[in-house]
Amino acid sequence: MYRVYNFNIDPKSVFVIGDGHGEWGLLKYKIKDSGIKDSVIIMAGDCGFGFEKEEFYKQEYNKVKRILKERNVTVIFVRGNHDDIQYFDGIKIDFEYWKAVPDYSVLSFSPNGEINGEINGEGHNVLCVGGAISVDRLWRKTHESINKPLYWPDEIPVYKPEILDKMKEDGIEVRTLVTHSSPSFAPLTDKNGITSFIQYDNALIEDIANERLVMTQIYDHLVKKDKHSLKLWIYGHFHQHSLFYSDEDVKFIMLDMCNPRNNSWDIYPLER
């Protein structure tokens, strides 16, 4: 079953950022520096949950809570491959201003608080589906320990047609997807940056193909089968920025990672 998070907020005040990789300090700095307020920020995977004990993330949240409260900013985290799926159960990280949402969560943004507020042009529903393949998984498996996990075997995204069917049955219209990976026809489509990993991981090519196939299946289900009014798909994972349009005129935005070396983040407004 899917889960719905209702936000009584104008969709123009919703932003998506690329992979965070645990850079909570940069997140705090950029929220303060950018002047963002009365907003929701969605992180498109590789948030950094699972490498430390659960108490660590409560401490990190407390470090940023004050600025989030002052600015009235809620951060929504979507699962990446460098995240422990157990933290994305809607319970472990469910603080007032920090929420790690399960796969197939629907974020509903509407000034009037209605889940399908977009029907009258005032709202916006966002479907979140996490997961991807770690190209460096062999190294991670080799170097992790009991006290320092680095890899989670259930990292791959999963196509769940029964959930998408139920959403359609319930009248939930999806306008935007925020995921970690992308369909096979969207960037990146080359393997130039991972040739060294492919050389030592014989199953990597096939597993990456399956990952991208899952996202293609989700796309086909929403756009071609159920005829949702999908207009925008935003994702991270590849640590680059690009713009791409599908044959059905869906805009794909690939976001670069948050980079502490130059205090940068790749941020995209839900409604531009």
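The lining of the second largest pocket splits into eight nonpolar, no polar and six charged residues. This pocket holds about 210 Å³ of space. It belongs to a predicted model. The largest pocket holds about 460 Å³.

- In total, 14 residues line the second largest pocket.
- Closest to its centre are Arg79, Ile85, Pro102, Asp103 and Lys160.

**The largest pocket**

- The space in the largest pocket comes to about 460 Å³.
- Its lining has 22 residues, and those closest to the centre are Val135, Leu188, Ile194, His237 and Phe238.
- By class, the lining has seven nonpolar, nine polar and six charged residues.
- Helix H6, residues 204-225, gives the most to this lining, with three residues.
- Leu188 is found in the loop between strand S8 (176-179) and helix H5 (195-200).
- The peptide bond from Pro187 to Leu188 is cis, with omega near -5°.

**The cavity**

- Rolling a probe the size of a water molecule over the atoms shows where empty space is left.
- The structure holds one cavity of 30 Å³ or more.
- About 60 Å³ of space lies in the largest cavity.
- Its lining is made by Ile17, Gly20, Gly22, Glu23, Trp24, Leu26, Leu27, Lys30, Met43, Cys258 and Trp265.
- Seven of these lining residues are nonpolar, two are polar and two are charged.
- Helix H1 gives the most to the cavity lining, with four residues.

- Strand S3 (residues 39-43) and strand S4 (residues 73-77) run parallel and are joined by five bridges.
- Ile41 stands opposite Val75 in S4.

**Helices on that sheet**

**How H1 meets H2**

- Two packed helices are described by the angle between their axes and the distance between the axes.
- H1 and H2 pack at an angle of about 0°, and their axes are 10 Å apart.
- That angle makes H1 roughly parallel to H2, because angles under 35 degrees count as roughly parallel.
- From H1, the residues in contact are Trp24, Lys28, Ile31 and Lys32.
- From H2, they are Phe56, Tyr57, Glu60, Lys63, Val64, Ile67, Leu68 and Arg71.
- The contact of H1 with H2 has seven nonpolar, no polar and five charged residues.
- Trp24 is one of the H1 residues that meet H2, and Trp24 also lines the largest cavity.

- Strand S6 (residues 105-109) pairs with strand S7 (residues 124-129) in the antiparallel sense, over five bridges.
- Ser105 stands opposite Cys128 in S7.

- Strand S10 (residues 242-245) and strand S11 (residues 251-254) run antiparallel, joined by four bridges.
- Phe244 stands opposite Phe252 in S11.
- S10 and S11 form a hairpin, with five residues between them.
- Asp249 in the turn has a positive phi of about 65°.
- His239 lies in the loop between strand S9 (232-235) and S10.
- Phi of His239 is near 60°, a positive value in a residue other than glycine.

Definitions and conventions:
Residues are numbered from 1 along each chain as its sequence is written. This is a predicted model: local features need pLDDT of at least 70, side-chain atom pairs count only at pLDDT 80 or more; totals for chains, interfaces and linings use all residues. Side-chain values use heavy atoms; hydrogens and water are left out. On a 1 Å grid over the protein atoms alone, a cavity is a set of points where a 1.4 Å probe fits but cannot get out, and a pocket is an open set with protein on both sides within 12 Å along at least five of seven lines; lining residues have an atom within 4 Å of a point. Grid points are joined across faces, edges and corners, and a volume is the space filled by probe spheres set on the points. Helices (H or I, at least four residues) and strands (E, at least two) are DSSP runs, numbered from the N terminus. Ala, Val, Leu, Ile, Met, Phe, Trp, Tyr, Cys and Pro count as nonpolar, Asp, Glu, Lys and Arg as charged, and the others, Gly among them, as polar. Two strands pair if DSSP finds at least two bridges between them. Axes are lines fitted to C-alpha atoms, for helices over the stretch in contact, and angles run from 0 to 180 degrees between N-to-C directions. Angles under 35 degrees count as roughly parallel, over 145 as roughly antiparallel, 65 to 115 as roughly perpendicular and the rest as oblique. Contact means heavy atoms within 4.5 Å.
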